[in-house]
Amino acid sequence: MRWEKLARRILFEDRYIIALNKPNRVIVHPDPTRDPSLVEAVAAYCEEKWNMQFTPAPVHRLDRPISGAIIFGKDNKTLRKLNALFRDNKLQKTYYAITPHKPPQPADYLINYLHVKNGRGKTETVAQIRDTPAQFGESFQRVELEYTTVAERSGFHLLEIHPHSGKTHQIRAQLGHIGCPIVGDVKYGHALGADHISGWVHLHCAKLGFKHPVTKEPTDIVATAPVDPFWHLFADDLPSDVAPPRAPKSPAVVSPEPGQQSKEAVAIFHNEGSAVVPSLDFLDDEASTGKLEAVFGRPDA
């Protein structure tokens with residue numbers, strides 16, 4: 001079945017919406033890397049299966065190293081309505097994150113001010129965070145989230161997070177700002193060398209709840225966490241419908257060999273007979289993990 005791998009990632013689909021569980025290290029939009037993108041795969045799937053000419057568009061963004069639920073609108077009218085739900089904060093978002101640092105408070109509501117430096121060319125996008133808007137002058141965005149510490153195991157801490165704004169790198173930057181960078185998130189404070197970056201950050205968009213913009217029915221999208229030793233460490237603490245489905249083969253959380261990621265990021269199109277169709281190998285957890293070689297590092301005592 002040509003779309004079997006993509007189908008395994010579909011969490012919800014009707015004539016208006018399609019939602020998928022995005023693996024980490026997969027980009028959502030096409031970018032200069034020319035790596036496979038979810039937008040291209042979903043567009044090709046909808047064109048072939050439903051003869052759709054409209055390219056489904058994601059309503060929100062998930063950074064490349066982040067996993068979890070992502071929603072696409074299948075037509076302009078639905079897309080506008082979904083965008084309004086996000087804009088008006090009428091969509092309930094639940095994330096889980098793993099950090100090697102104990103949060104200052106077991107639970108808290110964070111209000112900060114964020115300034116995003118958008119990357120150009122090889123320059124990466126970075127979000128700077130401050131406690132007062134005066135530190136940025138006029139170039140800032142107010143960002144809010146609440147978190148609760150769910151569990152602590154082996155020195156790592158599982159947080160449940162509900163963002164109340166949707167800005168670039170918001171959760172990653174806010175947690176880094178309070179001294180709780182997410183495991184694997186070197187950009188926002190996790191102390192790892194560049195050669196130890198595994199390609200994923202342990203932040204997962206687990207649940208999206210909203211009133212369907214067309215049918216008006218309550219709709220809940222739930223995405224299971226990746227098969228990964230860190231997520232499996234907290235399998236008993238995560239909701240049963242979010243916990244990873246099986247234990248990983250290796251007990252150590254490690255990173256791929258140098259150059260492994262670029263080898264896996266195959267071109268989006270490959271020849272299949274006379275047709276040109278997207279390669280969906282990148283949608284498999286094991287394929288995106290690659291060969292593992294170096295331990296991430298130990299958490300704080």
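User: Which strands are included in what covers the buried residues of α4?
Analyst: This is a predicted model, in which local features need pLDDT of at least 70, side-chain atom pairs count only at pLDDT 80 or more, and totals for chains, interfaces and linings use all residues. Residues are numbered from 1 along each chain as its sequence is written, and side-chain values use heavy atoms, with hydrogens and water left out. Contact means heavy atoms within 4.5 Å, while helices (H or I, at least four residues) and strands (E, at least two) are DSSP runs numbered from the N terminus. The cover of the buried α4 residues includes β5 (92–99), β6 (107–117), β7 (126–130), β8 (141–153), β9 and β10 (203–211).

User: Which residues of α4 are buried?
Analyst: Buried means under 20% relative accessible area, exposed over 50%, and partly exposed in between (1.4 Å probe, protein chains only). Helix α4 spans residues 170–177 and is mostly covered, with six of its eight residues buried. They are Gln 170, Ile 171, Arg 172, Ala 173, Gln 174 and Leu 175.

User: Which residues touch the most other members of the largest nonpolar core?
Analyst: A nonpolar core is a set of buried Ala, Val, Leu, Ile, Met, Phe, Trp, Tyr and Cys residues joined through side-chain atoms within 4.5 Å. The largest one has 42 residues, and its largest share, five residues, comes from helix α2 (residues 38–50). A second, separate core of 14 residues includes Phe 156, Leu 158, Ala 225 and Val 242. In the largest core, the members that touch the most others are Ile 71, Phe 72, Ile 161, Leu 203 and Phe 210.

User: Is Pro 58 buried or exposed?
Analyst: Pro 58 is found in strand β3. Leaving aside neighbours within four places in sequence, Pro 58 is in contact with Val 28, His 29, Val 39, Ile 70, Ile 71 and Phe 72. Because its relative accessible area is 14%, Pro 58 is buried.

User: How many aromatic pairs are there, and which residues form an edge-to-face pair?
Analyst: Rings of Phe, Tyr and Trp (its six-membered ring) pair if their centres lie within 6.5 Å; planes under 30 degrees apart count as stacked, over 60 as edge-to-face and the rest as tilted. By this rule the count is one. At 4.7 Å centre to centre and 70 degrees between the planes, the edge-to-face pair is Phe 156 and Phe 230.

User: With which side chain does the side chain of Asp 63 make a polar contact?
Analyst: Asp 63 lies in the loop between β3 (57–58) and β4 (67–73), and counts as buried because its relative accessibility is 10%. A polar contact is a pair of N or O atoms within 3.5 Å; within protein, one must be able to donate a hydrogen and the other to accept it, and residues adjacent in sequence count only if both atoms are side-chain atoms. At 2.8 Å, the partner is the side chain of Arg 61.

User: How many disulfides does a search of the whole structure find?
Analyst: A disulfide is a pair of cysteine sulfur atoms within 2.5 Å. Cys 180 counts as buried because its relative accessibility is 1%, and Cys 205 counts as buried because its value is 0%. The number of disulfides found is zero.

User: Is Asn 51 buried or exposed?
Analyst: Asn 51 is found in the loop between α2 and β3. Its phi is near 55 degrees, a positive value in a residue other than glycine. Because its relative accessibility is 58%, Asn 51 counts as exposed.

User: What pLDDT does the protein chain average?
Analyst: pLDDT is the predictor's confidence in each residue, from 0 to 100. It stays under 50 over residues 193–197 and over residues 286–301. In the protein chain, 73% of the residues score at least 70, and the average pLDDT is 77.
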